[in-house]
Amino acid sequence: MAYIEGDDLHPKSNVEKMSSGHPLNDADREPWLELIRMSAEHIAVKKNADSEMKGILGVIVGCSALKKDYRDILRGVVKPAAKGQQLSGNLEPSRPEVLPTYFVFINGSRETLMERMEKRTGHFMKASMLDSQLQTLESPVGEEGVVVVSLDDTTNAQVTEALDGLSTFPGLKGCRTSSS
């Protein structure tokens, strides 16, 4: 599947804001999340048109979707509330039926998150902003279409648990492979 790194789609203003240690707000995040959704749809539609296999071909996106409203933007079921924000490019309106969206939430303690962020080099989001992220977080645990894995598990265990959980969702039956 294609992969989109959400951080690569942040506008320059968001990167500058985070680089200077200031957390993003809804008005900063919503157009970015819509751009992620539109980019994923564009890739899925193109891959489907180019493929002999008809049906939905998935796209994996790495990003923070801290609030349910943000996840609904990524699902393509709501438009951002931030008015006057224009997306770059000539992207069509979101079509949720084109790309059903599911989430894998990696759940972990503040301490583990901080430890990992402090070891990360060269990223524009500073570790000092973790608490603002956690304050914004509306946990998706128990939310429909969400698989929860533990941050404390190994990567292989996380992938196995994520694939097992995702394989239970409509349209993803058989996403589990024997090579995981």
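Reader: Happy to start with helix α4: about how many helical turns separate K119 and E115?

Author: In this predicted model, the side chains of K119 and E115 meet in a salt bridge, 3.4 Å from N to O. K119 counts as exposed at 61% relative accessibility, while E115 counts as partly exposed at 44%. Because K119 and E115 are four residues apart in helix α4, their separation is about one helical turn.

Reader: Thanks! Which helix do the buried residues of α4 pack against?

Author: Helix α4 covers residues 110-119, and its buried residues include T112, M114 and M117. The buried residues of α4 have a helix as their packing partner, one made of residues 130-136, namely α5.

Reader: Let's move to helix α3. Is D72 buried or exposed?

Author: D72 forms a salt bridge with K68, and the closest N and O atoms are 2.9 Å apart. The two residues sit four places apart in helix α3, so about one helical turn lies between D72 and K68. K68 is partly exposed, at 38% relative accessibility. For D72 the relative accessibility is 11%, and buried means under 20%, so D72 counts as buried.

Reader: Which residues are linked with D72 in a network of salt bridges?

Author: The structure holds ten salt bridges, and the pair of D72 and K68 is one of them. Salt bridges also join D72 into a network, whose other members are K68, R71, R75 and E143.

Reader: Nice. How many residues apart are D26 and K67, the pair that links distant parts of the chain?

Author: The side chains of D26 and K67 meet in a salt bridge of 3.0 Å, N to O. D26 belongs to helix α2 (residues 26-50), K67 belongs to the loop between β2 (59-62) and α3, and the two are apart by 41 residues.

Reader: And of that pair, is K67 buried or exposed?

Author: D26, its salt-bridge partner, counts as partly exposed at 30% relative accessibility. K67 has a relative accessible area of 18%, and the limit for the buried class is under 20%, so K67 is buried.

Reader: Now to a loop: which side chain makes a polar contact with the side chain of T101?

Author: T101 lies in the loop between α3 (68-75) and β3 (103-107). Leaving aside residues up to four places away in sequence, T101 touches R37, L74 and R75. The backbone oxygen of L74 is 3.4 Å from a polar atom of the T101 side chain. The side-chain to side-chain polar contact of T101, at 2.5 Å, is with R37.

Reader: Which residue in β2 does Y3 stand opposite?

Author: β1 and β2 pair in the parallel sense, over four bridges. Within β2, the residue opposite Y3 is I60.

Methods. Residues are numbered from 1 along each chain as its sequence is written. This is a predicted model: local features need pLDDT of at least 70, side-chain atom pairs count only at pLDDT 80 or more; totals for chains, interfaces and linings use all residues. Side-chain values use heavy atoms; hydrogens and water are left out. Buried means under 20% relative accessible area, exposed over 50%, partly exposed in between (1.4 Å probe, protein chains only). Contact means heavy atoms within 4.5 Å. A polar contact is a pair of N or O atoms within 3.5 Å; within protein, one must be able to donate a hydrogen and the other to accept it, and residues adjacent in sequence count only if both atoms are side-chain atoms. A salt bridge is a side-chain nitrogen of Lys or Arg within 4 Å of a carboxyl oxygen of Asp or Glu. Two strands pair if DSSP finds at least two bridges between them.
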